[in-house]
Amino acid sequence: MGKSRIRNNIRKLRFFHDEMTQQQLAEKVGVTRQTIIAMEQEKYSPSLELAFRIARVFDVPLEEVFSYDAEAESK
Amino acid sequence: MSFQEKNITVSLVNFILILGFYLIRVFQMIQGGSFNSTNVFRLWGIVIVFAIIVTIFATILTHIVSSIIQAIKTKEEPDIKDIQDERDKFIDLRGTKVTYFVSSIGIFLSMLTFALGQPPLVMFTLLIFFGVVAQIIGDISRLYLYRRGF
């Protein structure tokens, strides 16, 4: 399994939220740091519930955190 | 290495040791001419009891050793997080799927030996062998998924 088709801006959003660490974000959304790393590397697509929790932490709509790469689908 | 990975590694080492012990005992029995139902079923019992007890104690020991190492490293109260998040659950499910797949093949092959005219002892010996091998392959696939990310 390669990279997923779900793209995300988690790393960028963390940076713009007082350089929040992966551990801090992990604790806020209730997952392990390894899961945040896997998501940032786009190796793991989170469940809808976790995606909403991450968006709530950054106080942005879901689409600002996650997007679907339709081009990757056609490849 | 996360707590889950440590647990899987310990389980993997346990089952490799159990497999080694099992194979040595079976070969000893075959060479010594004591490959009979009493000895094979006793070995079955030993392997199953060993697998359960060792896995429980190894998990507890991993927890304690991890806490001690973390306390020495950070010089603070250890805070071992063994929460299982959704990714851990997915990895566990995929590992279980692999274990079941290998077990199914193993059960089929064991039954096949019986169907082809081998004595039931061969079937029972192979059943436990494939059971342990399936667990080992399942643990390897879990570790691989953790190393790769998912």
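Leu127(B) sits in helix 4 of chain B, which runs over residues 120-148; helices here are DSSP runs of H or I with at least four residues, strands are runs of E with at least two, and both are numbered from the N terminus. The model is a predicted one, in which local features need pLDDT of at least 70 and side-chain atom pairs count only at pLDDT 80 or more, while totals for chains, interfaces and linings use all residues. Residues are numbered from 1 along each chain as its sequence is written, and chains are lettered from A and ligands numbered from 1 in the order in which they are written.

With 17 other C-beta atoms within 10 Å, Leu127(B) comes out as partly exposed. On this scale a residue is buried with 20 or more other C-beta atoms within 10 Å of its own, exposed with 12 or fewer, and partly exposed in between, the C-beta atoms being placed from the backbone. Leaving aside residues up to four places away in sequence, Leu127(B) touches Ile107(B) and Ser110(B), where a contact puts two C-beta atoms, again placed from the backbone, within 7 Å. Phe108(B) is 19 residues away from Leu127(B) in sequence, and their C-alpha atoms are 9.2 Å apart.

As for the rest of chain B, there are 4 helices and 0 strands, giving α-α-α-α along the sequence. Its radius of gyration is 19 Å, well over the 15 Å that the globule rule gives for 150 residues, so chain B is more spread out than a compact globule. That radius is taken over C-alpha atoms, and the rule is 2.2 Å times the number of residues to the power 0.38. Along the principal axes, the C-alpha atoms of chain B fill a box of roughly 60 × 30 × 20 Å. Buried residues account for 19% of the 150. Among contacts in chain B with a separation of 6 or more, 76% join residues 24 or more positions apart.

Chain A has 6 helices and 2 strands, in the order β-α-α-α-α-α-β-α. The C-alpha trace of chain A spans about 35 × 25 × 20 Å along its principal axes, and 24% of its 75 residues count as buried.

Just past helix 3 of chain A, Glu42(A) has a positive phi of about 60°.

The largest nonpolar core has 11 residues, among them Ile10(A), Leu25(A), Ile36(A), Met39(A) and Phe66(A); such a core is a set of buried Ala, Val, Leu, Ile, Met, Phe, Trp, Tyr and Cys residues joined through C-beta atoms within 7 Å. Helix 3 of chain A supplies the largest share of this core, 3 residues. Ile36(A) touches Gln22(A), Leu25(A), Ala26(A) and Val31(A), not counting residues up to four places away in sequence.

Between the chains, 11 residues of chain A are in contact with 9 residues of chain B. Helix 3 of chain A gives the most to chain A's side, with 3 residues.
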